[in-house]
Amino acid sequence: MTVASKIEEAGFQPASRIAAIGVSKILQIGARASAMKKDGLPVIILGAGEPDFDTPDNVKEAAKAAIDRGETKYTALDGTPDLKKAIAEKFRRENNVDYALDEITVATGAKQILFNAFMATINPGDEVIIPTPYWTSYSDIVEICGGVPVLIPCDAEAGFRLKADQLEKAITPKTRWVLLNSPSNPSGAAYSEADYRPLLDVLLRHPHVWLMVDDMYEHIVYDGFQFVTPVAIEPRLKSRTLTINGVSKAYAMTGWRIGYAGGPKALIKAMAVIQSQATSCPSSVSQAASVEALNGPQDFLKDRQASFKHRRDLVVSALNAIPGLACRTPEGAFYTFSGCAGVIGKTTPKGKRIEADSDFTDYLLEDAHVAVVPGSAFGLSPFFRISYATSEAELTEALKRIADACAKLA
Ligand SMILES: Cc1ncc(COP(=O)(O)O)c(C=O)c1O
């Protein structure tokens, strides 16, 4: 059911800009799984897109101190000078990229950064190239802003990564942006410098196309993968690139709602116009906490990375041991995006034929009480996403249930 039809049922006439946009499948599954749990069923939810760690204590203390200092009022529109300085320093230290303070913007989550950027730049019919599978919000935000998402399938054999010839073919005079996300939600795939280079060469040949990169999972990479952001590889693209990041995933701060970006001054200014009429500024207390997250000790990131890697290995090997499933080992983030082609066409013990990945994930929820998200929610089938940001005990039990459920298919 779409948002629009729901609102119409209640007697409202929704705006046409949301008429085609459905309620996120991830949220629908989460709501259904939580309701089943409330009813006493032993549901394990592997759908959440947030770390299971706590926000570090030094960050919490910084927030308390900010409250005690009276930092409880509106701040500068797109970020306090202290936070912008910490972000500039982070870009220099970790990414080898120089952004001046007026080339930095702070918003209520990276999601609002994306929203501000598209609202500020997209005219009706402008195209945004999005490699698929993609984080569901990308296409919905583009559509809300009147743009046209151009979805390019990038399958498991291609490492879920966009290739230069695909990008070249997808570019039209209407292309406004290319949106790249590394490591990716949902696939966990990441672009090395060698993966990025041919794509950046294509972009150099098309000066009307701007590049948006979502580096949200930068700190969650494995096996010595060298994270790199495109502007560090190709400074000639800096004048038309928006480099997005945030504290949500690295510092386990999803609820604090702080995201940020570096980009050309004119774009940053245009984004501030949108923000000024949406939220006025990000939360003062969360900004103070984010200064501490970025400036404070960073060593714990390595420990958390190791813990995620352990769980990734557990999930990937368990999935690959199940006949009918095939999981590529992701370079980063805390998701696996496993193929399930081998179960399509099979029949459940209740006699239901599995026609699509969403039938398979429905079956896992109903019969095995494990909530995962079908690939169709991310634009690529037949796959399903597991978020392994949960305890090892829960993961082990969930994977055993998935294996048993698959074994019962005929
Ligand atoms: C790829 C990606 N980008 C951005 C975000 C949004 O993060 P924030 O919490 O900063 O809005 C998410 C959250 O799930 C994500 O997966």
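This report walks through the ligand site and the cysteines of a predicted model.

## About the model

Residues are numbered from 1 along each chain as its sequence is written. In this predicted model, local features need pLDDT of at least 70 and side-chain atom pairs count only at pLDDT 80 or more, while totals for chains, interfaces and linings use all residues, and side-chain values use heavy atoms, without hydrogens and water.

## Around the ligand

Let's start with the ligand's neighbours. The ligand is surrounded by 13 residues (each with a heavy atom within 4 Å of it), and the closest are Ala110, Asp214, Ser248, Lys249 and Arg257. By class, this shell has 5 nonpolar, 4 polar and 4 charged residues.

Ligand oxygen atoms come within polar-contact range (N or O pairs within 3.5 Å) of the protein backbone: 2.6 Å from a polar atom of Ala110 and 3.0 Å from one of Lys111. For Ser248, an N or O atom of the side chain lies 2.7 Å from a ligand oxygen. Taken alone, the ligand exposes 400 Å², and the protein buries 93% of that (Shrake-Rupley method, 1.4 Å probe).

## Cysteines

Now for the cysteines. The structure holds 0 disulfides (a disulfide being a pair of cysteine sulfur atoms within 2.5 Å). Cys327 is in no disulfide, and its nearest cysteine sulfur, that of Cys340, is 11 Å away.

Cys327 counts as buried at 7% relative accessibility (buried means under 20% relative accessible area, with a 1.4 Å probe and protein chains only). Cys281 is buried too, with a relative accessible area of 10%.

Key:
Polar contact = N/O pair within 3.5 Å; in protein donor to acceptor, adjacent residues only side chain to side chain. Nonpolar A, V, L, I, M, F, W, Y, C, P; charged D, E, K, R; others polar. Buried < 20%, exposed > 50% of the residue type's maximum accessible area, 1.4 Å probe, protein only.
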